[in-house]
Amino acid sequence: MGARKRLRAEKLKAEKRATAIASLRDCPTSPRKMRLVADMIRGVEINKALGMLRYSKKEASVRLEKLLRSAIANWEAKNQGTSLEETSLCVKTIFVDGGRQLKRIQPAPQGRAHRIRKRSNHVTIIVDRIENAAATATAAATTAGAKAASATEAKPAAKKTTTTTAKKTTAAAAKKTTATKKAAGDVKPENAAN
């Protein structure tokens, strides 16, 4: 292993030791149903998230509540000097990946068989202080904003050229119509007296 690769690996290990992470593997719920509940608590303060999960009617919320409590306990274990009541934590990251599928057969009419996929998922939660989570979110937003700004700067120049060419074509069309009217002898009665 090269020096740069080793230093990068050590840096990643140090970051992982500092973050409070909890994961749930092979949960017997479809990832789509679990993502509905996960999206509900993403970026929310932990006490509010626990309340939302406690009073949610979805079955996946029971498992996510237990997982969130585990992530909070991991944060307390890694930050022994600070108390949980003094710091404000939030769900910094939560994502749901698809797990393995159990494939079963369901009898169907006329001797056929339908395949049933019993899906499972893997959930990962990272809990962090609100200041740290907000700093990473603003950094991501500024990079996305810079990309959007550079894209919009290129667009007005293109709009200017199209508007000037459109003006020129309408002016040329107006001149042609007046020239054809004069050539045909169409003169308005009020101008005929002059």
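Below are my entries, one topic at a time.

**Ground rules.** I am looking at a predicted model, where local features need pLDDT of at least 70, side-chain atom pairs count only at pLDDT 80 or more, and totals for chains, interfaces and linings use all residues. Residues are numbered from 1 along each chain as its sequence is written, and side-chain values use heavy atoms, with hydrogens and water left out. I took helices (H or I, at least four residues) and strands (E, at least two) as DSSP runs, numbered from the N terminus.

**The sheet.** I began with the strands and found an open, antiparallel sheet of 3 strands in the order β1-β5-β2. Strands pair if DSSP finds at least two bridges between them. In general, the pairing of strands in a sheet goes through backbone hydrogen bonds. Which strands stand at the edges? They are β1 (20-27) and β2 (89-98); each has a single partner strand, so one side of each has no neighbour in the sheet. From one strand to the next, I noted an average twist of 15 degrees. I then followed β2 along β5 (residues 121-129) and found 9 bridges in the antiparallel sense. Leucine 89 sits opposite arginine 129 in β5.

**A helix on the sheet.** Next I looked up α2, which packs on the sheet and touches β1, β2 and β5. Its direction makes about 165 degrees with that of β2. For angles, axes are lines fitted to C-alpha atoms (for helices, over the stretch in contact), and the angles run from 0 to 180 degrees between N-to-C directions.

**Two helices meeting.** I turned to α2 (residues 31-41) and α3 (residues 46-54), whose axes come within 9 Å and cross at roughly 145 degrees. Which residues meet here? Val37, Met40 and Ile41 in α2 meet Ala49, Met52 and Leu53 in α3, where contact means heavy atoms within 4.5 Å. I sorted the residues of this contact into 6 nonpolar, no polar and no charged. For that sorting, Ala, Val, Leu, Ile, Met, Phe, Trp, Tyr, Cys and Pro count as nonpolar, Asp, Glu, Lys and Arg as charged, and the others, Gly among them, as polar.

**The core.** The largest nonpolar core has 26 residues, and Met34, Leu64 and Ile94 are among those with the most contacts inside it. Such a core is a set of buried Ala, Val, Leu, Ile, Met, Phe, Trp, Tyr and Cys residues joined through side-chain atoms within 4.5 Å. Buried means under 20% relative accessible area, exposed over 50%, and partly exposed in between (1.4 Å probe, protein chains only). Which element gives the most to this core? I found that α4 does, with 7 residues. Leaving aside neighbours within four places in sequence, leucine 64 is in contact with residues including Met34, Leu53 and Val123.

**A loop residue.** I stopped at threonine 29, in the loop between β1 and α2. Is threonine 29 buried or exposed? It counts as buried, because its relative accessibility is 7%.

β3 runs antiparallel to β4 (residues 113-118), joined by 6 bridges. Arginine 104 has isoleucine 116 in β4 as its bridge partner. The two strands, β3 and β4, form a hairpin with 5 residues between them, and glutamine 110 in the turn has a positive phi of about 60 degrees.
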